[in-house]
Amino acid sequence: MHDKRSNGWLQASLLMLGVSLLVALMVSAQLERRLVLPAVFATYTPYSGRWLHTEIETLATIPLPPMQLILDVAADGAISGQLSLFPLDVPPNAVDLIARNGCTVVFDTLIPGTEAIQGVFVSDSRAIIQIQVSECQVKYFGPIALSAPVSARFTVEYSEAATRALERAANATLTPLDAGLQVFATYCAVCHGAYGEGAPGVPDLDTADISTRPEEQLLTIINLGIANTGMPAWGQILTDAEKTGVLLVLRNIQVLRP
């Protein structure tokens, strides 16, 4: 009787181990498949200007921290980009700095297999960028190791509105509204959208609530951010004139539309 029970327990244990291994292999195979960038069978000439992410897909089971990704393409095809993360599990003395500036990873190539950030252009106006980041840089603090690697895939698209706003600001004497448009294109559009239309988890700025909210409340949000969200504190980054410009944009949000 003892031998039969032992054999039954052993068989059950082996069965459970086999199932666990099978599930692990299936998950590993699925993750490996998803980590492969799409095949591209044509050569594209990406539009020069500012590109913003329109979709984020997680490639891991852990929740993603709030993130922003921007890509700039020069007329000669050279690229530069920045990923900004706002992780919560960070050293206590880095919390305020991350709230103000984010934790960043800069890149100047998308060649697959060479960097933690890699990608491909799938058309002249669209790219797929994939990240596997375990460390990022905090301004005035230095590098920090993330508690768990961040793996995600971004769909990034050329933004005519953001590009035009940056060009207007660069080629003209800035009016307060021009300054606000430049700030919006540089810092705000990556999350709130080129037209302020918002995104899942990011508020739409083209609403009566925003256009009529007291300036003091809007300035408080701009200066201090919103805790435990992707809204950073810009109080130590933007000048008073730039904040005034952003308020003008929020009061005249239609200027963002083509």
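Predicted model: local features only at pLDDT ≥ 70, side-chain atom pairs only at ≥ 80, totals over all residues.
Okay, one term before anything else: a residue is called buried when its relative accessible area is under 20%.

The protein chain has 258 residues, and 38% of them are buried. Seven helices and seven strands make up its elements. If you walk from the N terminus, the order goes α-β-β-β-α-β-β-β-β-α-α-α-α-α. And take the contacts between residues at least 6 apart in sequence: 59% of those join residues at least 24 apart.

How far does the predictor trust this? Mean pLDDT for the chain is 80, with 80% of the residues at 70 or more. Confidence is lowest in helix α1, residues 2-34, where the mean is 47. At the other end you have strand β6, residues 126-138, which is highest at 93. Have a look at residues 19-35 as well: pLDDT stays under 50 there, and the model has ten contacts for that stretch beyond four places in sequence.

In general, two packed helices are described by the angle between their axes and the distance between the axes. Here the pair is helix α6, residues 215-224, and helix α7, residues 240-251; the angle is about 120 degrees and the axes are 11 Å apart. That angle makes α6 oblique to α7. The crossing of α6 past α7 is right-handed.

Which residues make the contact? On the α6 side they are E215, L218, L219, I222 and N223, and on the α7 side K243, V246, L247, L250 and R251. Sort the residues of this contact by type and you get six nonpolar, one polar and three charged.

Let's zoom in on one of them, L218, which sits in helix α6. Is L218 buried or exposed? Its relative accessible area is 5%, so L218 is buried. Leaving out residues up to four places away in sequence, L218 touches I210, R213, L247, L250 and R251. Take L250 from that list: it lies 32 residues from L218 along the chain, and their C-alpha atoms are 9.2 Å apart.

Now let's move to another part of the chain. L97 is in helix α2, residues 95-101. With a relative accessible area of 14%, L97 is buried too. Setting aside residues up to four places away in sequence, L97 touches G102, V138, K139, Y140 and F141. For Y140, the separation from L97 is 43 residues in sequence and 7.6 Å in space, C-alpha to C-alpha.

And what about Y140 itself? You'll find Y140 in the loop between β6 and β7. Its relative accessibility is 69%, so Y140 counts as exposed. Check the backbone while you're there: phi of Y140 is near 70 degrees, a positive value in a residue other than glycine.

Last stop, T104, in strand β4, residues 103-107. T104 has 18% relative accessibility, so T104 counts as buried. Its contacts, again not counting residues up to four places away in sequence, are Q82, L83, S84, C136 and Q137.

To wrap up, two things to take away. Helices α6 and α7 pack at about 120 degrees, with buried L218 as one of the residues in their contact. And go carefully with helix α1, where confidence is lowest. That's it from me, thanks.

How values were computed:
Residues numbered from 1 in each chain as written. Heavy atoms only, no water. Axes fitted to C-alpha atoms, helices over the stretch in contact; angles between N-to-C directions. Helix = DSSP H or I, 4+ residues; strand = E, 2+ residues; numbered from the N terminus. Parallel < 35°, antiparallel > 145°, perpendicular 65-115°, else oblique. Left-handed = near helix turned anticlockwise from the far one by under 90°. Contact = heavy atoms within 4.5 Å. Nonpolar A, V, L, I, M, F, W, Y, C, P; charged D, E, K, R; others polar. pLDDT = per-residue confidence, 0-100. Buried < 20%, exposed > 50% of the residue type's maximum accessible area, 1.4 Å probe, protein only.
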